[in-house]
Amino acid sequence: MASRVNFDKVVRGKRVVLPNEICPAEICIKDGVIAEIRKGNSSSFEAGLEVIDAGDLYVMPGVVDSHVHVNEPGRTEWEGYVTATRAAAAGGITTIVDMPLNSIPSTTTLDAFQTKMDTARDKLHVDVAFWGGVVPGNQGELQAMIAAGISGFKCFLIHSGVDEFRHVTEPDLHTAMQALQGTNSVLLFHAEVDQPIGTQTSTSPQVYETFLQSRPKSMENHAIQLVSDMCQQYGVRCHVVHLSSAEALPIIRAAKQRGLPLTVETCHHYLTLCAEDIPDRATQFKCCPPVRERSNQEQLWAALKAGDIDMVVSDHSPCTADLKLLGTGDFVAAWGGVASVQFGLSLFWTNAAQRNLTVRDLVDWMCVTTSDLCGMGHRKGSLQVGKDADLVIWDPDGSFTVTEDIIQHKNKVTPYLGKVLKGVVHRTLVRGNTVYHNGTFSSQPMGAILLKPITSAK
């Protein structure tokens, strides 16, 4: 018997990743929202209704990448909303959260937040939320930005790499934390502090070990201890971005055991790349904090499985090719950042297949926790009635080679060029709209700006 409910679209598949099971199901969509979920594939629907049959492919929630640098306005030669969100759509990402730097102006005032939203509007192929910034002296702006829908704030405990986004000192942190007490906001930390480096055994700037020794684990360890102390003192939600040092894990475990509201992310490059494998002059591998040794990477994977690390993100931080100094191969002077937003799902799945991890782990670490972090857990991150119909349909058994012609982000410099990855995205839907399908994009941008509700608890 045909359904009498007036749906706009149905997505059916044999392997639909629901919150508690993977099963045959039909996702019925109305006005961009999941209106009904029917287990099984036996329903008939009214004539003319679009039914997308995924067959044996996975149907799962769209990925939420909560750490992306879009750099618009101000540094659009590095990246921009059109290219960044196209790359996201091609990678099965349905929501990104844009960092407050390296755009100009940085998103540290209400006016700058408005400027960023005005710039992004009508350019988005996926949904976009925004992080604000905490810098010295802007504590008076924070409440207004929260009221305007900012997802939370980020600060640096060391030079940010761009002069206009200044890092905070410990007194600045006390001021900011006091301003955030009693809100439902979250403060993200680039957790490195300057530390004595000691004698370096490698001195050539063309050798990766030279750069690695200049950013020792102690820089992260001391910073994360400070974050833990601040979290305990003020009770404000705190989040460590791009954890690289496994030596900091005991600090994180202790904080969580005390019940502190602390979460932690790591990145695909720390879980995929190893210092031992980085060639001389290969500055496309440079990022801060750095990619570390294989033994360190193994500890990060173990911490992810144990729940000490909560999520995995891209930290997509592109720049123009000239800033990577590929000609001289100078690791010390080159811009630090890995461009990879398009390939996060496939990078994770390539690793997961070798580590007995499942698609449920992928959803937990790249959809559920990331959407909760940015205050969008009520709309994003899982396939449930009432949530946005953000879906990715992908083949877990297919593979592809990363070549320049498939890269959608603006600058094609990436350490993954030439790598074979497992997990091929076939279709991405944002609020029920197909924004990517087998290499083609929707003719018009279908993404929207996301504002965090003031009363949202997540």
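Helices (H or I, at least four residues) and strands (E, at least two) are taken here as DSSP runs, numbered from the N terminus. The model is a predicted one, so local features need pLDDT of at least 70 and side-chain atom pairs count only at pLDDT 80 or more, while totals for chains, interfaces and linings use all residues. Residues are numbered from 1 along each chain as its sequence is written, and side-chain values use heavy atoms, with hydrogens and water left out.

On to the backbone. Most residues other than glycine have a negative phi, and most peptide bonds are trans. Even so, the bond from Glu72 to Pro73 is cis, with omega near 0°; Pro73 sits in the loop between strand E6 (63–68) and helix H1 (81–90). Another cis bond joins Ile104 and Pro105, with omega about 5°, and Pro105 belongs to the loop between strand E7 (93–98) and helix H2 (110–120).

Then there is phi. Asp31, not a glycine, has a positive phi of about 55° and lies in the loop between strand E2 (22–30) and strand E3 (33–39). Arg281, also a residue other than glycine, has phi near 70°; its loop runs between helix H8 (268–272) and helix H9 (294–306). Asp31 counts as exposed at 60% relative accessibility, whereas Arg281, at 46%, counts as partly exposed (buried is under 20% relative accessible area, exposed over 50%, partly exposed in between, with a 1.4 Å probe and protein chains only).

As for helix packing, Glu170, Leu173, His174, Met177 and Gln178 in H4 meet Leu226, Met230, Cys231, Gln233 and Tyr234 in H6, contact meaning heavy atoms within 4.5 Å.
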